[in-house]
Amino acid sequence: VPADFSPADDCLKDKVILVTGAGDGIGRAAALAFAKRGATVILLGRTIEKLEAVYDEIEASGGPTPAIYPLHLRGACAEDYQQLAATLEQEFGKLDGLLHNASELGQRRTIAQTTPDSWNEVIQVNLTAGFLLTQALLPLLAQAEAGSIVFTSSSVGRKGRAFWGAYSVSKFGTEGLMQILADEEFDLNGTRVNSINPGATNTTMRRTAYPGENPSSNPDPADIMPVYLYLMSDASREVNGQAFNAQS
Ligand code: NDP
């Protein structure tokens, strides 16, 4: 992120941005940060009460009225994503931003001990859902003046590490999907595609993965938002195919 980037209060005005896993953790913080800068946010996730709480928070702070789209990425099929695309087309006619954020941790085991069911579930939610959702929404992103797709990676999506199994593999795949889409879409219709590794962040997922760690030793999700705002704002219009770190 350029050192002189400072997100203006209205830097996402009139933009429509979909966030997956918007009910908790980093996705929740991103939804709140986007709405605060003027975006209409589509809150997608599996736990409706959490999405409603984020909705209420945005309304209370005077942000543009968001939308809630309940979807469990584990069981969603191509038709579910087409239905989502049709609904967004009807309601908004375009999509400016897509943040793939929802992920599952899966089993913290060696590959030797990983069950096939757990492997499939993690790959489905963390990687295949990203493919299906992106594919369904590409036409709507092309309708935006300058669409932006952001994938969420991890340090174990850039270098493998013992016990991170399917989660790590799903993040490597995510980086590959990002690079391929970046190469295909930017020249075609101006949609840019990048990834963010949030780094250790104080969320349920982090606390589950590192139960012995003092949670407050990591930043809160709200503290890592600059790169998310940068990639969704017009300041990054020419930035494509890059792997970012939210923390230095
Ligand atoms: P959390 O577990 O705190 O939040 C994940 C969100 O995604 C939750 O709202 C969860 O729903 C939702 N979600 C999970 N699975 C599904 C599903 N099958 N269908 C729909 N929604 C789902 O995780 P973080 O905020 O920590 O992680 C956000 C992203 O950042 C992930 O991609 C993660 O891999 C990545 N990341 C996080 C790091 C960290 O230190 N926190 C470090 C590196 C990467 P529900 O609220 O119902 O549980």
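In helix 4, a kink of about 50 degrees lies at L137, shortly before the proline P139. The bend at a residue is taken as the angle between axes fitted to the seven residues ending there and the seven starting there, and helices (H or I, at least four residues) and strands (E, at least two) are DSSP runs numbered from the N terminus. The structure is a predicted model, in which local features need pLDDT of at least 70, side-chain atom pairs count only at pLDDT 80 or more, and totals for chains, interfaces and linings use all residues. Residues are numbered from 1 along each chain as its sequence is written.

The expected span of a helix is 1.5 Å times one less than its number of residues. For the 28 residues of helix 4 this gives 40 Å, in agreement with end C-alpha atoms that are 40 Å apart. Helix 5 bends by about 30 degrees at A182 and is followed by G190, whose phi is positive, near 80 degrees.

Most residues other than glycine have a negative phi. D14, which is not a glycine, has a positive phi of about 70 degrees; D14 is placed in the segment before strand 1 (16-20). F163, also not a glycine, has a positive phi of about 75 degrees and lies in the loop between strand 5 (148-152) and helix 5. A residue is buried if 20 or more other C-beta atoms, placed from the backbone, lie within 10 Å of its own, exposed if 12 or fewer, and partly exposed in between. D14 is therefore exposed, with 11 such atoms, whereas F163, with 15, is partly exposed.

A nonpolar core is a set of buried Ala, Val, Leu, Ile, Met, Phe, Trp, Tyr and Cys residues joined through C-beta atoms within 7 Å. The largest one has 63 residues, and those with the most contacts inside it include I17, V19, A30 and F34. Its largest share, 9 residues, comes from helix 4 (residues 116-143).
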